[in-house]
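Q: I've got a sequence and a model open, and I'd like to learn how to read the strands and helices. Can we walk through it together?

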Amino acid sequence: MPVINRVAELAPTVAEWRRDLHMHPETEFDTHRTSALVADKLRAFGCDEVATGIGRTGVVGVIRGRETGSGRVVALRADMDALPMTEATGHAWASTTPGKMHSCGHDGHTAMLLGAARHLAETRNFDGTAVVIFQPAEEGGGGGREMVEDGMMDRFGVQEVYGMHNMPGLPVGDFALRPGPLLAATDMFAVEVIGRGGHAAQPHNCIDPTVAASAIVLALQTIVARNVDPILQAVVSVTSFRTDSDAFNVIPERVELRGTTRSLDPAVRDLIESRMEALVGATARAYGAEARLDFRRNYPVTVNDPARAGFAARVAADVVGEARVDDATPPIMGGEDFAYMLEARPGAIVFVGNGDTAKLHHPRYDFNDEVIPVGVSYWVRLIETAMPAA
């Protein structure tokens with residue numbers, strides 16, 4: 001695999017960083033140890049500027065090339081946060097923090113971008129400015145949005161931005177991406193169904209919200225089946241059904257439903273919300289109950305700029321060969337708050353293979369350290385290719 005020789009030599013050190021991060025996971029914006037570690041290393045590497053507290057706990061490093069006459073500014077982004085899960089890997093470097101673990105590989109993403117920052121700061125073999133972004137709160141907190149709203153893009157003059165995420169099941173050394181929508185918009189909803197509770201032996205004296213809520217669950221499934229164009233992709237999933245009573249002989253007063261919707265097109269997203277509003281209220285009324293929908297828009301669609309996606313694919317091919325780059329991979333209905341950065345600036349995110357490991361968000365997942373020389377080489381080649389030195 002034609003990775004950069006110096007990067008291959010650095011890989012064991014990057015793996016040590018990664019395992020240290022894995023042992024000390026932090027969630028959402030509470031990445032104080034991680035952010036401090038990242039900032040300290042960037043300063044030690046000799047970055048020209050290191051800024052902390054961007055988007056609350058984000059860190060940004062600036063590395064100027066041997067020349068900057070091109071005026072180009074290209075940013076690379078890694079996420080830093082872990083998940084509120086209990087680890088079951090049994091590794092020597094397993095989480096030491098109860099109830100938290102790096103089960104999505106953000107420890108690997110952070111370590112690889114640190115490795116790239118060190119190499120770029122040492123060599124500076126490019127004409128322009130590289131900006132390395134370390135983002136908190138990807139797992140539901142919207143850290144990408146927070147960093148953008150904190151003025152990051154304008155403050156550092158970012159013109160293009162690129163991301164990378166590991167992918168279990170994809171062989172180590174393989175890359176996958178596509179132009180246009182790659183990951184879905186992720187929205188959340190809660191439905192409160194209110195009836196009239198009472199004795200389970202006297203349902204005629206009650207308005208049973210359990211029956212009404214059950215009908216709502218079934219009605220919501222018709223949105224994808226009968227309202228969304230079959231050529232387009234969408235998901236409506238009810239994932240929680242809770243009554244306010246656990247007794248065997250009580251008809252409850254209230255039921256709460258929770259779930260998520262996914263879509264790859266803004267019009268489909270609007271359609272899902274409007275149909276949910278109509279179905280929830282009308283179905284509840286048909287059973288004599290009342291219902292309220294709380295629809296919360298979360299991450300937008302992650303859309304790769306076509307020209308930058310093509311460029312990213314060429315850089316990946318330069319590292320691992322064209323045969324190992326799928327530049328037309330199908331979209332995935334998971335979400336990614338790198339979408340906010342792609343709304344602010346053109347760019348692209350790629351998947352890099354994590355090999356035959358447990359899936360993301362699984363208690364036995366672990367980032368595969370064999371990915372490190374591939375991922376770091378990709379980052380370095382991207383900067384050197386986007387802003388070639390004279």
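A: Strands (E, at least two residues) and helices (H or I, at least four) are DSSP runs, numbered from the N terminus. This is a predicted model, where local features need pLDDT of at least 70, side-chain atom pairs count only at pLDDT 80 or more, and totals for chains, interfaces and linings use all residues. Residues are numbered from 1 along each chain as its sequence is written, and side-chain values use heavy atoms, with hydrogens and water left out.

Q: Over how many bridges do strand 10 and strand 12 pair, and in which sense?
A: Nine bridges link strand 10 with strand 12 (residues 254-263), in the antiparallel sense. Look for V236, which stands opposite T261 in strand 12.

Q: What is the order of the strands in the open sheet?
A: Its four strands run 10-12-8-13, with antiparallel pairing. Strand 10 (234-243) and strand 13 (290-299) are the edge strands, each pairing on one side only. From one strand to the next, the twist averages 15 degrees.

Q: Which strands does helix 6 lie across?
A: For angles, axes are lines fitted to C-alpha atoms, for helices over the stretch in contact (heavy atoms within 4.5 Å). Angles run from 0 to 180 degrees between N-to-C directions. Helix 6 (residues 209-227) lies across strand 8 (185-194), strand 10, strand 12 and strand 13, at about 170 degrees to strand 10. Helix 7 (residues 266-286) lies across strand 8, strand 10, strand 12 and strand 13 too, running at about 165 degrees to strand 13.

Q: How do helix 1 and helix 2 pack?
A: Angles under 35 degrees count as roughly parallel, over 145 as roughly antiparallel, 65 to 115 as roughly perpendicular and the rest as oblique. Helix 1 (residues 5-23) packs on helix 2 (residues 32-45) at about 160 degrees, with axes 10 Å apart, so the two are roughly antiparallel. Helix 1 brings W17, D20 and L21 to the contact, and helix 2 brings R33, T34, L37, K41 and F45.

Q: At what angle do the axes of helix 1 and helix 3 cross?
A: The axes of helix 1 and helix 3 (residues 106-123) cross at roughly 140 degrees and come within 8 Å. That makes helix 1 and helix 3 oblique to each other. Among the residues making the contact are L10 and W17 of helix 1 and A111 and L114 of helix 3.

Conventions. Two strands pair if DSSP finds at least two bridges between them.
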